[in-house]
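Here is a walk through a protein chain and the RNA strand beside it. Keep the 3D view open as you read.

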Amino acid sequence: MNIEQNISAALIQAVKQLYDQDLPENQVSLQDTRAEFEGQITIVVFPVVRFSKKSPEATAADLGTYLQEHVAQVTGFNVVKGFLNLSIADSYWLNLLNSTLLDASFGTFKPNGQKVMVEYSSPNTNKPLHLGHVRNNLLGYSIAELLKANGYEVFKVNLVNDRGIHICKSMLAWQKWGNGETPESSGLKGDHLVGKYYVIFDKEYKKEIDALKQAGQTEEEAKKNAPLIKEAQQMLLAWESGDNTVVELWKKMNGWVYDGFAVSYKNLGVDFDKYYYESDTYLLGKDNIEEGLSKGVFFKKPDGSVWIDLTADGLDQKLVLRADGTSVYITQDIGTAQLKYDDFKMDQSIYVVGNEQDYHFKVLFLILQKLGKTWAKGLYHLSYGMVDLPSGKMKSREGTVVDADDLVAEMVETAKQKTEALGKVDGFSEEEKEALFYNIGMGALKYFLLKVEPKKRLLFDPAESIDFQGNTGPFIQYTHARIRSLLNKAAYASAPVKENTALSATELEMIILLSKYPSELASAAKGYTPATLANYLYEVAKMFNKFYHEVPPIIKEEDAGLKQQRLNLSSVTAGILKSGMRILGITVPERM
RNA sequence: GCCUUGGUAGCUCAGUUGGAUAGAGCAACGGUUUUCUAAACCGUGGGUCAGGGGUUCGAAUCCCUUCCAGGGUACCA
């Protein structure tokens, strides 16, 4: 039982004793005492007033007196308007530090027996990854790690969009204009090479459209009639019928892309337990359509197309199977959801997909519920906002994208320049330097993207480099390195401090902040947002730096108990920074 | 049109189930190093929380409405 629970219980008791009333638990409102007032825990007494039938001030005074008498740790109180500020004994906080925070299991959760799948990344194999994908990958990875940290068994999966008309476009362009170019012959990374032909297709396609428009066709007609698009559609049909030449070409080019993605994923530090490929799953879902028809969930229109009517749920009618019997996107997704569940039997399944698909997932989940899938209630769309440039949206075909590989390289280079300019790497081996530049560059990038609430859109200005100072990854990394250096110099060994030691205001504040780590992990997982964890870690780092500047050099401290206590505080801080940053996918260096 | 998500300092963002005088960072200005790493610390200035109305003891937070921006809108994924 922690102090908050203790006080909550005592508060309810106090209301019973003093006013003979039952205070509902949800009327108990505790918060941290603001820095300008005495005390650490504050009770907001307004909710109690209608039970006490006294003024807020009088009620607060009653309650304060009662709590001081009945709760051992409450050593004093003061009342400011309707706020009852409680002073908690230093001994309580010291004990918290020496027992709970110092315990090796602090900040870890026992397995909770729940299984959760996180699907993320889900790239198309016709172009390289860009900044939008980077956000997706980092978000998916860190959500998965966050859930692991909370005791879930997690499966990370990647559903690769490796087939379809857009894939045929780059294949066709390569066939026509590639002259047999390969990653080896061109020195281009495979995904970039394929992306190049996707762009070429689009350029040539536009030329044809323009020509047809000159000849008097409307835009719409021209788009439909252009020879290139017809050829691409033919190629798709050939692929679907298993045409050997097309399938071989498809395998070859996809192979290039996978080699390229492997490099990008490694750079981003993300991984997957299982890959699903749409070329395997695109025919799934038709059985579920039959199932839905027989259950009366779906209905057939005269032309043979199958629909679901969701107007009663505030949505529209939605097509689930074309009149010619072919699938649409949602057909596949119904089938794939079933497949994933059959494979893993997970309690929860999270789709990390951009907010442009909000409607799609709303419909998908509703359909699965109506089909009577008991597991449908565990489905969650982790929707995130687009990454925009100052000029607006990124568009692959127009070349206005921030390429993932370029960005990573730039970040590492910037880290190198800044680090060398600060003269921080004297005495580092080449390997150590390289690792450090990578870790700092990626730390800056990852923190920059993850500190923002997922659902908010994100503005990225390529002209303005990502910061390395202030509320940034490198700031937190630096704080960690500094603490490690301190602990090494002090030959630190973890040990509780038995004797009574003094506690400064900052140290007390630190203990309170550090003790919140587990609940921060829990609420970040519950809200599916690494952003709150990122911001918490920043608070922790900032608090440590303040402490570090305030106290005299710890190493030279002669009072052994005080020295040990300050090292303990530093060590707990470093531990939280390291494990929290790891959940964000960020490595904190020992030295920097 | 309809649905949906946003709008907080010059810029980028925090802001718990509604709680005290709305906070950080960057940028600007000033200060701190014979003391454990100055990617740090301390200070100054900067706000009609998009506008209006409502509920409440109390609203950036909840409700209504207007404006602005993004996304979606039935056989693309």
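UniProt positions are given here in the numbering used for this chain, with shortened feature names, and such annotations may be inferred rather than shown by experiment. The model itself is predicted. An unreviewed UniProt entry marks residues 123-133 as the "short sequence motif: 'HIGH' region". That stretch is 27% helix and 0% strand. Its end C-alpha atoms are 8 Å apart.

Now take in the layout of the chain. Chain A is divided into domain 1 (3-88), domain 2 (165-269) and domain 3 (411-583).

Residues 1-88 carry the UniProt annotation "domain: Arginyl tRNA synthetase N-terminal", from an unreviewed entry.

Next, turn to the RNA. RNA strand B is surrounded by 61 residues. The closest are Arg322, Lys424, Tyr478, Arg482 and Lys489. Which classes of residue make up this surface? The residues divide into 28 nonpolar, 14 polar and 19 charged. On the RNA side, consider the atoms within 4 Å of the protein. Sugar or phosphate accounts for 59% of them, and bases supply the rest.

Asn161 places a polar side-chain atom 3.0 Å from a sugar or linking oxygen of RNA strand B. Tyr548 uses its backbone instead: one of its polar backbone atoms is 2.8 Å from a base nitrogen of RNA strand B. Several elements give two or more residues to the surface near the strand. They are β2 (41-44), α2 (46-52), β4 (83-88), β10 (317-321), β15 (458-459), α18 (473-489) and α21 (530-550). Which of them gives the most? The answer is α18, with seven residues.

Finally, look at the second largest pocket. Its volume is about 530 Å³. The pocket is lined by 21 residues. Thr33, Gly39, Leu508, Glu509 and Ile512 lie nearest its centre. Two or more lining residues come from each of β4 and α19 (505-514). The largest share, five residues, belongs to α19. By class, the lining has nine nonpolar, six polar and six charged residues. Where in the domain layout does this pocket draw its lining? Domain 1 (3-88) and domain 3 (411-583) each give at least three residues.

One element links the last two stops. The strand β4 is listed for the surface near RNA strand B, and β4 is listed again for the lining of the second largest pocket.

Methods: Residues numbered from 1 in each chain as written. Chains lettered and ligands numbered in written order. Predicted model: local features only at pLDDT ≥ 70, side-chain atom pairs only at ≥ 80, totals over all residues. Heavy atoms only, no water. Near = heavy atom within 4 Å. Polar contact = N/O pair within 3.5 Å; in protein donor to acceptor, adjacent residues only side chain to side chain. Helix = DSSP H or I, 4+ residues; strand = E, 2+ residues; numbered from the N terminus. Nonpolar A, V, L, I, M, F, W, Y, C, P; charged D, E, K, R; others polar. Domains from an automatic or database assignment. 1 Å grid on protein atoms, 1.4 Å probe; cavity = no way out; pocket = protein on both sides within 12 Å on 5 of 7 lines; lining within 4 Å. Points joined across faces, edges and corners; volume = space filled by probe spheres on them.
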